[in-house]
Amino acid sequence: MTSPLIIDCHGHYTTAPKALEDWRNRQIAGIKDPSQMPKASELKISDDDLRESIEANQLRLMKQRGSDVTLFSPRASFMAHHIGDFNVSAAWAAICNELCYRVSKLFPDNFVPVAMLPQSPGVDTKTCIPELEKCINEYGNVGINLNPDPSGGQWNSPPLSDRYWYPIYEKMVEYDIPAMIHVSTSCNPAFHTTGSHYLNADTTAFMQCLTSDLFKDFPTLRFLIPHGGGAVPYHWGRFRGLAQEMKKPLLKDHLLNNIFFDTCVYHQPGIDLLTRVIPVDNILFASEMIGAVRGIDPETGNYYDDTKRYIEASVLDAEARYKVYEGNARRVFPRLDARLKAR
Ligand SMILES: [Zn+2]
């Protein structure tokens, strides 16, 4: 078997030039004082700035660690859908998505864009459709990130099974794109953003699907649950038992045609558990580098987020590894598959 293409399905533009953050801070100031509100055209980031920010960071590490393609979306913790109203989110999402698109144009072999949506708490999700359509049709995005809690830790949106979300699902089905279920920063001090809010959201999203019949309404809808699925694989027996008590079908029939997990688990025992509990067809390689955990593990001397090492050291055979690295990503992201075939 030829060696698989290593597709990292979870990367964010965490190293964007500082001008982006400066613009965002001016935008936030402009919510209180409209005279301060910057125009999108006031953000100046050149192609050289973008190249530099990628070559010195993500691309360097991809080459070092041996990954080929990264699905690249705006920085998750900066989505901050709770800030301002829909118009604030819309302007911000458009800017961030355009930057990821430009990166994908500059490095077409290595980066494929995934969009954030201009979500805003309590706002009709139909409002996200124009940005979604632009990102698919004009920018060549192959998926979206969907925030199940745009309030940033208050959890006051309906569950993912609610019709509130259906306009987005209808578009996902129409375009045959998956969504990574990904929250943003927590503004609730009870929840640390990456240490608890992210993992809570992963677990919560799974449970919202389990208790519902969402995938009866949308048999081809696909969700990628990041960070190794939060607590889900570890507590698989609990979820199986709960489903049984609720008279739901077996989880493999009820959810695993539609729900997938990434490998952003930052130690070997976690990956070993994930690959043992979850069928290999439902696991997609990812590192989320350069992200929440950037340090070196003193126990191994390697970066925590160098997740390819864990796959290499796992019990997965060559066929299973092909699925995790390449095959599953091509299946879950058909537009990525088409793009790779067109090369
Ligand atoms: Zn992420």
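Reader: Which residues does leucine 284 touch, leaving aside those up to four places away in sequence?

Author: In this predicted model, leucine 284 touches Cys9, Leu224, Phe260, Asp262, Val324, Asn328, Ala329 and Val332, with residues up to four places away in sequence not counted.

Reader: Where is aspartate 281 placed, and what does it touch?

Author: Aspartate 281 is in the loop between helix 12 (268-277) and strand 9 (283-284). Beyond residues up to four places away in sequence, aspartate 281 touches Lys323 and Asn328. Asn328 is also among the residues that leucine 284 touches. The C-alpha atoms of aspartate 281 and alanine 329 are separated by 9.8 Å, although these residues lie 48 residues apart along the chain.

Reader: Why does aspartate 281 count as partly exposed?

Author: Aspartate 281 has 17 C-beta neighbours inside 10 Å, and therefore counts as partly exposed.

Reader: Strand 9 has now been mentioned. In what order do the strands of the six-stranded open sheet stand?

Author: The order is 4-5-6-7-8-9, and the pairing is parallel. Strand 4 (115-116) and strand 9 are the edge strands, each pairing on one side only. Within this sheet, strand 7 (residues 223-225) and strand 8 (residues 259-262) pair in the parallel sense over three bridges. Isoleucine 225 has phenylalanine 261 in strand 8 as its bridge partner.

Reader: What is the strand order of the three-stranded sheet, and which strands stand at its edges?

Author: The three strands form an open sheet in the order 1-2-3, with parallel pairing. Strand 1 and strand 3 stand at the edges with a single partner strand each, so one side of each is left without a neighbour in the sheet. On average, neighbouring strands of this sheet are turned by 35 degrees against each other, direction ignored.

Reader: How many bridges join the neighbouring strands, and which residues stand opposite each other?

Author: Strand 1 (residues 7-13) and strand 2 (residues 69-74) pair in the parallel sense over five bridges. In that pairing, aspartate 8 stands opposite threonine 70. Three bridges join strand 2 to strand 3 (residues 111-113), and these strands also run parallel. Threonine 70 stands opposite phenylalanine 111 in strand 3, while leucine 71 stands opposite valine 112.

Reader: Are strands 1 and 2 mostly covered or mostly open?

Author: Strand 1 is mostly covered, with seven of its seven residues buried. Strand 2 is mostly covered as well, with six of its six residues buried.

Reader: How is the packing of two helices described?

Author: The description uses the angle between the two axes and the distance between the axes. For helix 1 (residues 18-32) and helix 5, the axes come within 11 Å and cross at roughly 175 degrees. Helix 1 and helix 5 are therefore roughly antiparallel to each other. Their contact is made by Leu20, Arg24, Gln27 and Ile31 of helix 1 and Val88, Ala91, Trp92 and Leu99 of helix 5. By class, these residues divide into six nonpolar, one polar and one charged.

Reader: At what angle do helix 2 and helix 5 pack, and how far apart are their axes?

Author: Helix 2 (residues 47-55) and helix 5 (residues 86-106) pack at an angle of about 80 degrees, with their axes 10 Å apart. The two helices, helix 2 and helix 5, are therefore roughly perpendicular to each other. Asp47, Leu50, Arg51 and Ile54 in helix 2 meet Arg102, Val103 and Leu106 in helix 5. This contact has four nonpolar, no polar and three charged residues.

Conventions: Residues numbered from 1 in each chain as written. Predicted model: local features only at pLDDT ≥ 70, side-chain atom pairs only at ≥ 80, totals over all residues. Buried ≥ 20, exposed ≤ 12 C-beta atoms within 10 Å, placed from the backbone. Helix = DSSP H or I, 4+ residues; strand = E, 2+ residues; numbered from the N terminus. Pairing = 2+ DSSP bridges. Axes fitted to C-alpha atoms, helices over the stretch in contact; angles between N-to-C directions. Parallel < 35°, antiparallel > 145°, perpendicular 65-115°, else oblique. Contact = placed C-beta atoms within 7 Å. Nonpolar A, V, L, I, M, F, W, Y, C, P; charged D, E, K, R; others polar.
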